[in-house]
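The sequence and structure are shown first.

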Amino acid sequence: MKSYSTKIERRIRLAGSLLIAGLLVELVTLRWSHPTAFLFFLLLGGALMAVGIGVYLLSLISSENKPPAE
Amino acid sequence: MTDNSTILVAVILFSIVLIAYLVIRPSITATRGGKMLAFVALLVFPVLAGGMGVNQHMEHSKTTNFCLSCHVMEDYGKSLRVDDRSFVPATHFQYGLVPRDKACYTCHTDYTMYGDVNSKLRGLQHLYAYYIGKPSQPIKLYRPYNNRECLHCHLGARSFEESEAHTKDPQALSRMKLNQLNCSTSGCHNIIHNVGQLKEATFWKEPAK
């Protein structure tokens, strides 16, 4: 079977993967009682989630989704 | 685990499940329902989980255990249990004048409009000093301790307002309230953590609950 994925699907996969990674970092840091945990949460988890959301928003405005020009 | 953190963990796990479904089947976003699911799973829930996470970390960073989890703070934690009433933090901790689970934060936050934010920014400064810079030896406050933090609780209390030591000089109380006469550096309550004296100190043992 030929697998076919559009650009938006690839971006949603990427955004989802980044968000899952960010959420897992958040989950781990919540169980860890140390100031370093906050740093990891903010710099690693926060960055992964921000990039993930950014990729998703980018997928919404990507040229592929625009209606064809008349 | 508190109720809030249980809810947060549930939100995170639910978000992960929703996002995983989209990662496995991204083609569902071609439908109207799929688009709505993607919006909720990839934007609404992560923002919610992130915001709740920040709040949870902020609350957790107010705990005494959190502050004492850095080994540079160990002696300061020990000083809370010195069996000597002249040690100001020890008296506050042992006599329940501050909540024991938030003892450090209660005295070291700023009681101002943005006090919480300022104290957390100072916390980040501690991390910078610890990992990148060099913590001063012995550890010092970044700025002189403000009477405002003491007065947050003591102001108006009879024990404070009518104390013989505070009323002997008629100007003393008003100068204290204006932070012109510092409680901790004018020779009155100057035994604070004094970690250098811990070797000779005896310690209070908290009775088992």
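Two residues are in contact if their C-beta atoms, placed from the backbone, lie within 7 Å. By this criterion, 57% of the contacts in chain B between residues at least 6 apart in sequence join residues at least 24 apart.

The model is predicted: local features need pLDDT of at least 70, side-chain atom pairs count only at pLDDT 80 or more, and totals for chains, interfaces and linings use all residues. Residues are numbered from 1 along each chain as its sequence is written, while chains are lettered from A and ligands numbered from 1 in the order in which they are written.

**Chain B**

Chain B contains 11 helices and 0 strands, where helices (H or I, at least four residues) and strands (E, at least two) are DSSP runs numbered from the N terminus. The C-alpha atoms of chain B occupy a box of roughly 80 × 40 × 40 Å along the principal axes. Of the 209 residues in chain B, 18% are buried, that is, have 20 or more other C-beta atoms within 10 Å of their own C-beta, placed from the backbone.

**Contact between the chains**

Chain B contributes 30 residues to the contact and chain A contributes 25. On the side of chain B, two or more residues come from each of α1 (3-24), α2 (32-60), α3 (64-67) and α7 (115-131). That side divides into 17 nonpolar, 13 polar and no charged residues; Ala, Val, Leu, Ile, Met, Phe, Trp, Tyr, Cys and Pro count as nonpolar, Asp, Glu, Lys and Arg as charged, and the others, Gly among them, as polar.

**Helix pairs**

Axes are lines fitted to C-alpha atoms, for helices over the stretch in contact, and angles run from 0 to 180 degrees between N-to-C directions.

| Pair | Angle | Axis distance |
|---|---|---|
| α1(A) and α2(A) | about 160 degrees | 8 Å |
| α2(A) and α2(B) | about 165 degrees | 11 Å |

Its angle makes α1(A) roughly antiparallel (over 145 degrees) to α2(A). Their contact has 18 nonpolar, 5 polar and 2 charged residues. Likewise, α2(A) is roughly antiparallel to α2(B). Residues making this contact include A:F38, A:F41 and A:G46 of α2(A) and B:L42, B:L43 and B:P46 of α2(B).

Note on methods. Buried ≥ 20, exposed ≤ 12 C-beta atoms within 10 Å, placed from the backbone. Parallel < 35°, antiparallel > 145°, perpendicular 65-115°, else oblique.
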